[in-house]
Amino acid sequence: LGAGASISAGIPSLNQLTSIVDSTLSAPFQEQYRAISKTFAANASLEQVLNRIRLICELLDGSNKTYEGLTHEQAKKQDAAICRIIYHKVSAPSLDKLQAQKSLATWLRHIRRDSPLEVFTTNYDLLLETAFEAAGVPYFDGFVGVVFPFFVPECIDAERGGTSDDMYPPRSWIRLWKLHGSVGWQLTPGQPPAPDKITRVAGATPPTEDTQLLIYPSREKYAESRRLPFLVYMDRLRRLLQAGESLLLIIGYSFRDDHINEILCQGLRSNPRLAITAGLHGTPTP
């Protein structure tokens with residue numbers, strides 16, 4: 001499921017969200033955002049600017065120097081300010097606009113299957129989680145716990161019938177993999193010497209001024225960066241498409257993410273039993 005599946009519920013597209021962030025940021029964040037945006041050859045998207053800000057934050061960690069007008073602390077605060085706006089625009093879906101998502105949830109709850117059904121989405125919003133819970137659909141997204149749910153990559157890698165049976169979630173649970181993160185993910189500072197860790201918070205918990213939301217794959221080196229949710233979910237999609245008989249249904253995806261497109265093409269080239277069906281809105285362009 002791509003952004004088109006959320007636009008129908010009133011969630012702004014990436015282009016709209018880019019304009020909203022550009023016009024909503026307060027000083028001095030707005031000036032900093034526009035200055036970084038102008039460093040790109042073409043009109044920069046929100047995700048491109050976020051990646052640049054996070055790269056600056058990483059490069060200047062522990063230094064008092066500036067790059068493109070930002071210090072490490074300024075880049076960190078700029079990231080948080082942008083993510084707060086994103087959160088308030090996409091985190092509070094209205095149930096009366098989720099008819100499509102609730103229909104999907106109802107179908108997923110009743111379909112009979114021998115293998116778990118897996119849902120991949122590039123959306124940051126909480127529409128699917130809201131619809132699943134409203135329809136009583138049990139799902140697993142890689143996080144476990146109650147107070148501060150934490151990410152467990154071993155459960156995502158687990159396969160039934162192997163040595164990892166004890167980590168395998170129930171087959172009847174829907175697997176929900178959010179390829180570009182979620183407004184419900186935060187980076188929680190650890191008490192030294194414990195490292196920082198990624199946790200999931202309730203959808204109704206707004207981010208504070210210093211909260212680091214995990215939206216879109218960041219280049220910053222978090223704890224266990226090689227096992228970030230983004231990378232683990234991508235590996236899961238790659239393995240699913242390259243092995244066995246599979247059907248992938250694509251809805252609302254613009255095919256603008258080259259890293260995802262490459263996984264789809266690899267799957268089609270290497271797995272003759274893979275079928276992909278994409279629903280397109282409007283006239284396709286070459």
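**Reading the cores and helix packing of a predicted model**

The protein chain has 10 helices and 10 strands, where helices (H or I, at least four residues) and strands (E, at least two) are DSSP runs numbered from the N terminus. This is a predicted model, in which local features need pLDDT of at least 70, side-chain atom pairs count only at pLDDT 80 or more, and totals for chains, interfaces and linings use all residues. Residues are numbered from 1 along each chain as its sequence is written, and side-chain values use heavy atoms, with hydrogens and water left out.

Reader: What percentage of the residues of the protein chain count as buried?

Author: Buried means under 20% relative accessible area, exposed over 50%, and partly exposed in between (1.4 Å probe, protein chains only). Of the 286 residues here, 44% count as buried. Ser-37, found in helix α3, is buried, with a relative accessible area of 19%.

Reader: Which residues have the most contacts inside the largest nonpolar core?

Author: A nonpolar core is a set of buried Ala, Val, Leu, Ile, Met, Phe, Trp, Tyr and Cys residues joined through side-chain atoms within 4.5 Å. The largest one here has 33 residues, and those with the most contacts inside it are Val-21, Leu-25, Ile-82, Ile-86, Val-183 and Ile-215. Two or more residues each come from α2 (14-24), α3 (29-37), α4 (46-59), α5 (72-90) and β8 (213-215). Helix α5 gives the largest share, eight residues. Apart from this core lies another, of 27 residues, including Trp-185 and Phe-230.

Reader: Which residues does Ile-86 touch?

Author: Contact means heavy atoms within 4.5 Å. Not counting residues up to four places away in sequence, Ile-86 touches Leu-17, Val-21, Leu-46, Leu-50, Tyr-124, Val-183 and Ile-215.

Reader: Which residues of α2 are buried?

Author: They are Leu-17, Thr-18 and Val-21. Seen down the axis of α2, these residues fall within an arc of 105°, so they line one face of the helix; the arc is that of the directions from the helix axis to the C-beta atoms. Their cover includes α3, α4 and α5.

Reader: At what angle do α9 and α10 pack?

Author: Axes are lines fitted to C-alpha atoms, for helices over the stretch in contact, and angles run from 0 to 180 degrees between N-to-C directions. Helix α9 (residues 229-242) and helix α10 (residues 258-270) pack at an angle of about 20°, with their axes 8 Å apart. That makes α9 roughly parallel to α10, a term for angles under 35 degrees. Among the residues that meet are Met-234 and Leu-237 in α9, and Ile-260 and Ile-263 in α10.

Conventions. Parallel < 35°, antiparallel > 145°, perpendicular 65-115°, else oblique.
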